[in-house]
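Dear colleague,

Please find below the structure that I am handing over to you.

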Amino acid sequence: MGSIVYRATKTQAIHDELASVGASSTVLAHRVIGNRLWFLAQTRTGERAGRKWIGLTLIDCRHGEAAVKCLDETCGPCYYDCPLSFLAQADAPMGPYAVTWREKVRAFHVARTVKRAAIRQGARISYGGRTYVLCRSLGRRGWEVARESDGYVFRLKSRQLGNATVLPSQEKHP
């Protein structure tokens, strides 16, 4: 399956994709995460009428054009940030890839929860080959961090922190 490219903004592409799914299914919920449009839909017609399924549309917008690629969980997408609430509401997975994909989605959310719990003031992280200490949260803007080697203070964006590795603390236990 290929991608479709047409003139649109990201907002227009999201609206168009939801309308496209809505032609044969009822969209029960959707969420945009980065360039991914996740949706939970229920088929209205055919042999699978009433079935609730999870879909994904990849949307890449550049220079007034949108490239979209539609997938569903039976393809076993390589993206795992699907909302857990969609998994809870969807019917049992179909096909050989959907079961494995759902397991990976759950594992992704567990790992993210563990990492978020470890991110707190005083925690040490590694990013870009350097070690930093988290000084104070700046909310959605990220964290104020101090480079461990020289104490120089920077702002680390939330996205950068998401790509960082949380290091074990250096506290000595008696």
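The protein chain has a radius of gyration of 20 Å, whereas a compact globule of 174 residues would have one near 16 Å; the radius is taken over C-alpha atoms, and the globule rule is 2.2 Å times the number of residues to the power 0.38. Along the principal axes, the C-alpha atoms fill a box of roughly 65 × 45 × 25 Å.

This is a predicted model, in which local features need pLDDT of at least 70 and side-chain atom pairs count only at pLDDT 80 or more, while totals for chains, interfaces and linings use all residues. Residues are numbered from 1 along each chain as its sequence is written, and side-chain values use heavy atoms, with hydrogens and water left out.

The protein chain contains 4 helices and 10 strands, these being DSSP runs numbered from the N terminus (helices: H or I, at least four residues; strands: E, at least two). Their order from the N terminus is β-α-β-β-β-β-α-α-β-β-β-β-α-β. Of the 174 residues, 30% are buried (under 20% relative accessible area, 1.4 Å probe, protein chains only).

There are 4 aromatic pairs, that is, rings of Phe, Tyr and Trp (its six-membered ring) with centres within 6.5 Å; planes under 30 degrees apart count as stacked, over 60 as edge-to-face and the rest as tilted. Phenylalanine 39 and tryptophan 53 form an edge-to-face pair, because their ring centres are 5.5 Å apart and their planes lie at 80°. This pair links strand β3 (residues 36-43), which holds phenylalanine 39, to strand β4 (residues 52-62), which holds tryptophan 53. Both phenylalanine 39 and tryptophan 53 are buried. Ring pairs also join Tyr132, Tyr152 and Phe154 into a cluster.

Yours sincerely

Key:
Buried < 20%, exposed > 50% of the residue type's maximum accessible area, 1.4 Å probe, protein only.
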